[in-house]
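Hello,

Here is the structure we talked about. Please open it and keep it beside you while you read my notes below.

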Amino acid sequence: MASLSKVALVTFGLMNGANAWGALGHATVAYVAQSYLSADTATWAQAQANGPRHSTSSTQRTTPPTDCNVDYDRDCGDAGCSISAIANYTERAGDGRLSSEHIEEALKFLVHIIGDLTQPLHDEAYEVGGNDIAVTFNGYSDNLHADWDTYMPEQLIGGYALTDAQSWANTLINEITSGTYKSEAASWIKGDTISDVVTTATRWASDANSYVCSVVMPNGAAALQTGDLYPTYYNSAIGTIELQIAKGGYRLGNWLNLIYHTTVAKRDVEDLVERDAAPVGRDFLPASRPLSRAKIARAAMEGSCCNSGKRDHAH
Ligand SMILES: *[C@@H]1O[C@H](CO)[C@@H](O)[C@H](O)[C@H]1NC(C)=O
């Protein structure tokens with residue numbers, strides 16, 4: 001089951017319409033997240049497999065990158081943005097009235113977008129998130145966004161296969177568990193709550209966006225167009241890329257656990273409590289209603305009926 005779940009989460013991350021982190025980054029985020037899922041969350045996510053694919057939306061922002069912060073009211077716009085979409089899909093992922101197909105769609109979206117949000121240029125509208133900043137990287141003419149998404153991560157790892165992602169994820173998990181990220185990992189998820197998704201996701205976006213000023217283009221865009229970005233600029237950026245991928249995976253794992261344990265499992269427990277209420281007076285109560293078909297199906301999909309205790313995600 002564990003390895004099946006692993007495959008599912010990675011599949012969730014490889015969506016059409018990607019607009020931040022390439023295939024390597026997304027798969028790595030999914031593998032990192034996977035290792036922090038509780039067993040029950042993994043079982044639940046796996047049970048929703050094989051739904052339709054969905055494309056993502058992105059934040060709209062027009063202020064220049066000298067001002068690095070994200071303001072939901074100012075930046076999100078009436079048509080919605082990544083943050084409002086995370087709110088929507090978080091609610092849908094935990095909504096037991098929806099079909100498993102729709103829940104899977106919501107999970108896929110979350111796997112994708114929570115990873116995307118840690119890419120600094122995803123949260124930046126300046127020059128279309130850097131897509132319009134033409135640069136040279138290791139002899140190739142490309143654009144700054146693509147270098148952050150894809151080419152700098154691939155330079156580091158030396159490939160983009162799932163096995164590359166898995167081994168990068170293992171390195172990052174070690175850093176979180178016992179290495180350089182150990183002391184700060186708790187701060188990556190501090191205050192995250194599904195009861196206020198907008199505030200939580202705005203904090204994620206602001207955190208990523210701050211790197212636009214400090215790391216992505218500390219001296220403005222023109223300074224990046226005077227020579228090859230490899231190796232000097234790459235060396236200044238790659239540590240932030242690793243940090244952000246690790247953060248995305250850790251946050252995503254925690255987020256899925258929060259959805260499962262505070263919404264899905266809690267709802268199932270409430271259903272049980274409702275049925276078993278007032279044991280003393282039980283004979284005087286009308287016969288309890290039979291489980292609806294949907295509930296029976298859900299219980300069957302979840303497999304482990306009696307094993308939904310909360311588990312700390314931190315190892
Ligand atoms: C939430 O997501 C569903 C499914 O994609 C979509 O139909 C709906 O319009 C979304 N609602 C909001 C408020 O974004």
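Helix α2 is largely enclosed by the rest of the structure, because 12 of its 14 residues are buried. Keep in mind that this is a predicted model. Buried here means under 20% relative accessible area. The buried residues of α2 include L24, G25, H26 and A27. Y31 and Y36 are also among them. The helix runs over residues 23-36. From first C-alpha to last, α2 reaches 21 Å, close to the expected 20 Å.

Next, the salt bridges. The structure holds 6.

- D75 and R74: their side chains meet at 2.7 Å, N to O. D75 is buried, at 6% relative accessible area. R74 is partly exposed, at 40%.
- R97 and D95: the closest N and O atoms are 2.9 Å apart. R97 is exposed, with 76% relative accessibility. D95 is buried, at 17%.
- K247 and D207: the closest N and O atoms are 2.7 Å apart. K247 sits in helix α11 (residues 232-275) and D207 in helix α10 (residues 197-216), so the pair ties together parts that are 40 residues apart in sequence. K247 is buried, at 3% relative accessible area. D207 is partly exposed, at 22%.

Best wishes

How values were computed:
Residues are numbered from 1 along each chain as its sequence is written. This is a predicted model: local features need pLDDT of at least 70, side-chain atom pairs count only at pLDDT 80 or more; totals for chains, interfaces and linings use all residues. Side-chain values use heavy atoms; hydrogens and water are left out. Helices (H or I, at least four residues) and strands (E, at least two) are DSSP runs, numbered from the N terminus. The expected span of a helix is 1.5 Å times one less than its number of residues. Buried means under 20% relative accessible area, exposed over 50%, partly exposed in between (1.4 Å probe, protein chains only). A salt bridge is a side-chain nitrogen of Lys or Arg within 4 Å of a carboxyl oxygen of Asp or Glu.
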